[in-house]
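Please read this report alongside the sequence and the 3D view.

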Amino acid sequence: MATVTGVRTRPGRSSAPDARRPLTAFVLAGGASLGAMQAGMLSALYEHGIVPDLLVGTSAGALNAAFVASRPQTVETAEQLACVWNELRREQIFPLSLRALVVGLSGHRDHLVPDGGLRRLVARHVEFADLGDAAVPLHVVAFDLTENCEVLLSRGPTLDVITAAASIPGIFPPVPIGGRSLVDGGVINNTPISHAVALGAKRIFVLPTREARRAPSRTSRDALGAAIEGLSLLTDGRLRLDLARYTKDAELVVLPAPNRMDVQPTNFSHSQRLIDEALTATRAFLGRAERHRPLVRGAREQRGRSLDAVNQLARVA
C-alpha cells in the first residue's frame, strides 16, 4: 500500500477546483527521455480546455509536472516544455565516462554519474523555490531507501525534491531530505494513480510514457538503457493493478503513448517525433471520447470508467 506523507494544502493557493466539475488530476509517469511525449499530451489536453486541479508525478513526469505547475495551464506552456525537451541531450543528464563507470563499479560510491546536470535542469526551468508555492498544487513521488517505502512530497525545497524524484537508483546519488535518503519514485510506483485518488481526485488523466499492454519490440543496446527499461517493465504490473483497483473510485482516462520508432528511454535525439506523435494521438483520442460522452460531466456519471472502457471508446470509428 502506498505511503502518503507530507501532504498539506496551503491556504490561498490559486487552483480552487470548479464546483461544476469533479476534482481533476494529471498523473505524469516516469520514462526518462520518453517523457518528451507528455509535452504533446499536455498540449492536446489544454486545446480541449482540460486543466488540472492538481498534478502528481515521478521521475521525468515530476520534472514535467514541476515545469507546468509554475506556469499558466495553456498550449503555450506545453509548447515551451516541448522546446526544453528538444534542447536536451543525453550527455547533459547522463554524463557517463569510463572514469565514472570504474569508480561507480569499484564500490567507492553508490552511483555512476553525478546529479549536477539534473539539478541544473531543474534550477533553470522551475520557477518556485518550495513545492508548496506552486501555482497548481504539485505532488511528487519518491522512494525512501532508509524506510524502504514510497513517499509523497507536497512541500520542501523544489531543487532537492524534484532531483530526488528523478534520481534513478544506482545511476544518480540518493538525495537526503529531512533524514530520508530519497531516489526515483518510479522504482515502485511509476504511474502514481494511487496518490491522486488519495488526494481526492475524481477524474484522473494518466499521461504514460509507454502503452500499458505493449512490450518493446527491441531492447536497449546499452547497460543504462537496459536498466531503465527493466524498471519500466517491472512497474507495468503495478499500473495494471492500480487501474483495476481504482476504477470504482475515480474516472481514469489513460492517454495514448505512441512510440512507433521504439525510441529508447536514454535516446534524447527523437523528442520532437515523440511530441508530435503524442499530440496527434491525444487529439484524436479526446475527440472520439468527447463525441461519445463529454469530459465535463459530473463525477457520479463518470465513475467506473477505466482503461478498458476508454480504450473501447477510442477504437470506435
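Among contacts in the chain between residues at least 6 apart in sequence, those that join residues at least 24 apart make up 79%. The model is a predicted one. Its chain has 12 helices and 8 strands. Of its 317 residues, 56% count as buried. The accessible surface of the chain is about 13,500 Å², and carbon and sulfur atoms account for 54% of that surface.

Strand 1 (residues 24-28) and strand 2 (residues 54-57) run parallel and are joined by 4 bridges. One detail of this pairing is that A25 has L54 of strand 2 as its bridge partner. Between the two strands the chain passes through helix 1 (residues 37-47), and this β-α-β crossover is right-handed. Strand 2 is also joined to strand 3 (residues 138-144), by 3 bridges, and these two strands run parallel as well. Here G57 stands opposite V140 of strand 3.

**Helix 7**

Helix 7 (residues 158-165) is largely enclosed by the rest of the structure, because 6 of its 8 residues are buried. These buried residues are T158, V161, I162, T163, A164 and A165. They pack against helix 2 (60-69) and helix 6 (116-125), and also against strand 3, strand 4 (149-153), strand 5 (175-177) and strand 6 (180-184).

**Two residues with positive phi**

Most residues other than glycine have a negative phi. Against that background, A32 has a positive phi of about 55° although it is not a glycine. A32 is placed in the loop between strand 1 and helix 1. Its relative accessibility is 13%, so A32 counts as buried.

S59 likewise has a positive phi, of about 55°, and is not a glycine. The loop between strand 2 and helix 2 holds S59. Is S59 buried or exposed? With a relative accessible area of 8%, S59 is buried.

**Aromatic rings**

The count of aromatic pairs comes to 2. The table sets out their geometry.

| Pair | Distance between ring centres | Angle between planes | Arrangement |
|---|---|---|---|
| F26 and F205 | 5.9 Å | 80° | edge-to-face |
| W85 and F268 | 6.4 Å | 15° | stacked |

F26 lies in strand 1 and F205 in strand 7 (residues 203-207), so their pair ties together parts that are 179 residues apart in sequence. Both F26 and F205 are buried.

What does the pair of W85 and F268 tie together? W85 lies in helix 3 (residues 75-87), while F268 lies in the loop between strand 8 (251-254) and helix 10 (271-292), so this pair links parts that are 183 residues apart in sequence. W85 and F268 are both buried.

A further ring takes part in another kind of arrangement. The charged end of R71 sits over the ring of F67, at 3.7 Å from the ring centre.

Definitions and conventions
Residues numbered from 1 in each chain as written. Predicted model: local features only at pLDDT ≥ 70, side-chain atom pairs only at ≥ 80, totals over all residues. Heavy atoms only, no water. Pairing = 2+ DSSP bridges. Right-handed = clockwise from strand over helix to strand, strands pointing away. Buried < 20%, exposed > 50% of the residue type's maximum accessible area, 1.4 Å probe, protein only. Contact = heavy atoms within 4.5 Å. Phe/Tyr/Trp six-rings, centres within 6.5 Å; stacked < 30°, edge-to-face > 60°. Lys NZ or Arg CZ within 6 Å of the ring centre and 35° of its normal. Areas by Shrake-Rupley, 256 points an atom, 1.4 Å probe, with all protein chains shown as cover.
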